[in-house]
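Please look over the model shown here. A brief report accompanies it.

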Amino acid sequence: MPAGDPFKIIVKESESGRRLDLLVASIIPDCPRNSAASLVNNGKIKVSGYQRKAGYKVKTGEVISGIIPESGPIRVQPEPESISINTLFEDDEIIVVNKPPGMVVHPSPGHSSGTLVNALLYHRPDIKYVGDESRSGIVHRLDKDTSGVILIAKTPEAHKKISSDFKARRNVQKKYLALVFGGMNKESGKIDLPIGRHPADRKKISITSRRPRNAETFWKVKERYNELTLLELEIKTGRTHQIRVHCAAIHHPVVGDLVYGSRKTVNRIAESETKRLIQGVSRQMLHAWQLGIIHPGTGKQMVFEAPVPDDMTDVI
C-alpha cells in the first residue's frame, strides 16, 4: 500500500467491534496506533464516507477508505546487512536458525535494521520475495529477547505449506525452556487460560482481555533449584507472549521478564546468592528449544533443537 494511493476495505465479521485506529494500524504497513489515530481524527480515513473518532468500534460490512498521505507511513523493503546467523539446518527449501537474544525477527516501527530478516537478505538474497516482502521467508516469530529455533522458508511453495501448517496448528510441535520463580507443587500440568490484548495497556497481553482467544500451554518440571524452577513447556497455540503471560498468571513468572514479572517477585527471594544472580539478568530466561515440523518437500517429520544460550546456562 504505497503512500499517496487510495485504499478501501470492507470490515469482516471477525473484525467487528475493533477500535477503528487499531484496525487501521493493522491495515497500513508500519503504522503505529498513534499515527493511525491521527489519520482517523483528521478525516484522512473515513468509515462508509463519515468521519469517525479513533475509538469508534467498527461494524461488519462498513467500508474503511482513505488516502495515505505522502508523509505518512510507507513500507520500506529491508536492506541486506552483514550480520552473522547461526544456521542449525539448511536445504533447498528451508533454513533453521538459532536466533540469539536481543535480535528482532523482522523490521517493525523502531526496528528498521539489525533484524534477522536484514541478516538473511545478506546471506540468502533469494528469499527476498518469499512471502511478505518485509518478512522475507519468515513463517513464525519469537520475541526480541527470546532465543532459539526459528524457521525460514526459501521458496514460495515451502512458505505456503509451512504457513498453512502453523495457522492450522497441524504437524507443528513447539517446545520451550523457561526459568521461572518459585517451586511448582506438581511435576507437570496444563495452563488453559484465554488471552488477548490488555484492556488498558495495548502493548501487553492479559488473561483479562475483553476479546480473549483460547491458549493452551503444557508444562513439566525439568530441574528444581533453590527458589527457582526450570520448566519444559509445549504450546498448542501460538499467541503473542503466551508462555510469559501464562507463567505470570499462575504466579510463576519467567525470570528476567520486566513486562509480566515484578520487583516484588525478586524481593521475595530469600537466598542472597540467588537474588544477586537474578538481579543481574537482563532479559527473560525463555528459550525456544525444539521445533518439530513436517518437511514441506519430503513430507518427513523433522525436529530441530537449539542449544541453550550462554546467559541462560550461566544463571542455571
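## Basis

This is a predicted model, in which local features need pLDDT of at least 70, side-chain atom pairs count only at pLDDT 80 or more, and totals for chains, interfaces and linings use all residues. Residues are numbered from 1 along each chain as its sequence is written, and side-chain values use heavy atoms, without hydrogens and water.

## Helices α1 and α2

Helix α1 (residues 20-27) packs against helix α2 (residues 33-41) at about 115°, with the axes 8 Å apart. Helices are DSSP runs of H or I with at least four residues, strands runs of E with at least two, numbered from the N terminus. Axes are lines fitted to C-alpha atoms over the stretch in contact, and angles run from 0 to 180 degrees between N-to-C directions. α1 and α2 are therefore roughly perpendicular (65 to 115 degrees).

Leu20, Asp21, Leu22, Val24 and Ala25 of α1 meet Arg33, Ala36, Ala37 and Val40 of α2. Contact means heavy atoms within 4.5 Å.

## The aromatic pair

The whole structure holds one aromatic pair. Phe89 and Phe304 are tilted, at 5.3 Å centre to centre and 40° between the planes. Rings of Phe, Tyr and Trp (its six-membered ring) pair if their centres lie within 6.5 Å; planes under 30 degrees apart count as stacked, over 60 as edge-to-face and the rest as tilted. Phe89 lies in strand β4 and Phe304 in strand β14, 215 residues apart.

Phe304 is buried at 6% relative accessible area, while Phe89 is partly exposed at 25%. Buried means under 20%, exposed over 50%, partly exposed in between (1.4 Å probe, protein chains only).

## Leu179

Leu179 sits in strand β7 (residues 173-181). Leu179 is buried, at 1% relative accessibility.

Notes:
Parallel < 35°, antiparallel > 145°, perpendicular 65-115°, else oblique.
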